[in-house]
Amino acid sequence: MAKNAAGGEGRTATTPKAATTPKSSRTRGRLLDAAAEVLSRKGFSGTRLSDIAAQARVQAPAIYYYYPSREDLIEEVMFVGAAAMRTHLEEALAALPSDATPSERIAAAVAAHLRHELEISAYSHAIIRNANQLPEAISRRALAEVSAYNDIWRELVAALQASGQLRPDVDPLLARMLVLGALNWAAEWWHPDRGPLETLITTAQSMVLHALRP
């Protein structure tokens, strides 16, 4: 399963030298990638700097050149990952034709969510697994991005309702939460051995749209 780095900007704890030299930027990126990978497997409480250093193939003390603490590193991983998820969804929706229907936009959002979560970025799994475990100081920026992501989904469901295509017995808020919960849970059980990702995506799209529409 391909797991690539997520890009993004935000508060960093780097020294000026670490922030400006190409080699240091690459190392910082490796640390973020490694921390995301370890967080996705071990969770917040089980993630140690020594695990991250081993994953990144650096000496553990070197991490302090970039981040003053384990918490600072995890905070940036969560923020960068959440921002990348939101950006990926926005780009997927922007790529649709201007006359795309509300159903087509929701189908695209389902595909974007699963593809980013399961194929593109270990950061997504780290966020899904750890967002509710983190102290408020660590999760604040990430949760703001998650809230913005949820707002996009709120607009998608609202547009479906405005078009008369949302079932009258379906509550928009509860529907959105149930859909996102189901999509997030795929990170806990899906593996390529269970079948192609495309099959999962088309199945999820069909189930979501049949649940929401009359």
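This is a predicted model: local features need pLDDT of at least 70, side-chain atom pairs count only at pLDDT 80 or more; totals for chains, interfaces and linings use all residues.
Rolling a probe the size of a water molecule over the atoms shows where empty space is left.

**The second largest pocket**

- The volume of the second largest pocket is about 350 Å³.
- Two helices, helix 8 and helix 9 (197–212), each supply at least two residues of its lining, and helix 8 provides the largest share, with 8 residues.
- Sorted by class, the lining of the second largest pocket consists of 16 nonpolar residues, 1 polar residue and 1 charged residue.

**The largest pocket**

- The largest pocket holds about 410 Å³ of space, and of the 16 residues that line it, I128, A131, V146, N150 and N184 are the closest to its centre.
- At least two lining residues of the largest pocket come from each of helix 4 (70–94), helix 6 (122–130), helix 7 (136–162) and helix 8 (172–189).
- Among the contributors to the lining of the largest pocket, helix 7 gives the most, with 5 residues.
- Sorted by class, the lining of the largest pocket consists of 10 nonpolar, 5 polar and 1 charged residues.

**A helix to look for in both**

- Helix 8 supplies at least two residues to the lining of the largest pocket, and helix 8 also gives 8 residues to the lining of the second largest pocket.

Key:
Residues are numbered from 1 along each chain as its sequence is written. Side-chain values use heavy atoms; hydrogens and water are left out. On a 1 Å grid over the protein atoms alone, a cavity is a set of points where a 1.4 Å probe fits but cannot get out, and a pocket is an open set with protein on both sides within 12 Å along at least five of seven lines; lining residues have an atom within 4 Å of a point. Grid points are joined across faces, edges and corners, and a volume is the space filled by probe spheres set on the points. Helices (H or I, at least four residues) and strands (E, at least two) are DSSP runs, numbered from the N terminus. Ala, Val, Leu, Ile, Met, Phe, Trp, Tyr, Cys and Pro count as nonpolar, Asp, Glu, Lys and Arg as charged, and the others, Gly among them, as polar.
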